Amino acid sequence: MAGYVIHLAVAEQYIRKHKDENNNYEEFINGVIFPDSVKDKSKTHYGSESSKSNLYNFLLDKSLDTAFNRGYFLHLLTDYIFYNKYLDCISKDIYNDYDILNKTLIEKYNVNLPKEIQNSVFFLKGKLKILSLEMIEKLIEEISNMCIDEIKDDIIKDHLKWTKMKNLKRL
């Protein structure tokens with residue numbers, strides 16, 4: 001899973017670029033944070049683990065007719081692209097990187113931390129080991145430029161493309 005602040009930065013940028021998502025801001029943001037707020041993330045990510053989000057299975061189970069589900073889908077899309085396009089390796093160092101990036105991302109993307117997760121977001125100083133600010137900025141821009149409905153239609157039309165974990169070209 002990408003860190004909470006990364007998900008919220010994606011959501012804030014997405015809302016800025018897609019004004020129609022701002023109709024129910026709080027519900028959308030609640031959908032964005034929900035998948036990582038549970039103990040068993042495999043259930044909320046529709047895969048064996050949070051790094052293996054299955055967008056097609058999500059769409060079979062839920063529609064995108066509520067702000068909550070749209071935020072939830074944006075979360076899963078972010079994880080899918082993050083793990084399949086931006087990361088070459090996963091190690092425990094990534095959690096420190098999230099904590100090091102949090103302050104910068106909160107300031108740059110005007111992220112408001114919902115009170116439900118304020119005690120789960122930490123701030124560290126130090127050197128990044130896995131991530132870079134440039135990588136995360138590219139991720140945020142790429143996903144915020146997408147259209148949830150177009151991605152949904154593409155997944156429904158060609159779900160095999162989206163279930164193959166190697167379908168995205170790495171940076």
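Reader: In which helix of the protein is confidence lowest, and in which is confidence highest?

Author: This is a predicted model, and confidence here is the predictor's own score for each residue. In the protein, the lowest confidence falls in helix α9 (residues 159-163), with a mean of 81, while the highest is found in helix α7 (residues 133-145), at 98. Over the protein the average pLDDT is 92, and 95% of the residues score at least 70.

Reader: How do the axes of α1 and α2 cross, and which residues make the contact?

Author: For helix α1 (residues 4-17) and helix α2 (residues 25-33), the axes come within 10 Å and cross at roughly 145 degrees. From α1 the contact draws on Y4, H7, L8, A11, E12, Y14 and I15, and from α2 on Y25, F28, I29, V32 and I33. The crossing of α1 and α2 is right-handed.

Reader: What is the phi of Y46, and what is the phi of N110?

Author: Most residues other than glycine have a negative phi. Y46, although not a glycine, has a positive phi of about 55 degrees, and N110, which is not a glycine either, has a positive phi of about 55 degrees. Y46 lies in the loop between α3 and α4, whereas N110 lies in the loop between α6 and α7.

Reader: Is Y46 buried or exposed, and is N110 buried or exposed?

Author: A residue counts as buried under 20% relative accessible area and as exposed over 50%. Y46, with a relative accessible area of 17%, is therefore buried, while N110, at 55%, is exposed.

Reader: Where is S51 placed, and with which side chain does the side chain of S51 make a polar contact?

Author: S51 sits in the loop between α3 (41-45) and α4 (55-61). Its relative accessibility is 12%, so S51 counts as buried. The side chain of S51 is joined to the side chain of E49 by a polar contact of 3.0 Å.

Note on methods
Residues numbered from 1 in each chain as written. Predicted model: local features only at pLDDT ≥ 70, side-chain atom pairs only at ≥ 80, totals over all residues. Heavy atoms only, no water. Helix = DSSP H or I, 4+ residues; strand = E, 2+ residues; numbered from the N terminus. Buried < 20%, exposed > 50% of the residue type's maximum accessible area, 1.4 Å probe, protein only. Polar contact = N/O pair within 3.5 Å; in protein donor to acceptor, adjacent residues only side chain to side chain. pLDDT = per-residue confidence, 0-100. Axes fitted to C-alpha atoms, helices over the stretch in contact; angles between N-to-C directions. Left-handed = near helix turned anticlockwise from the far one by under 90°. Contact = heavy atoms within 4.5 Å.
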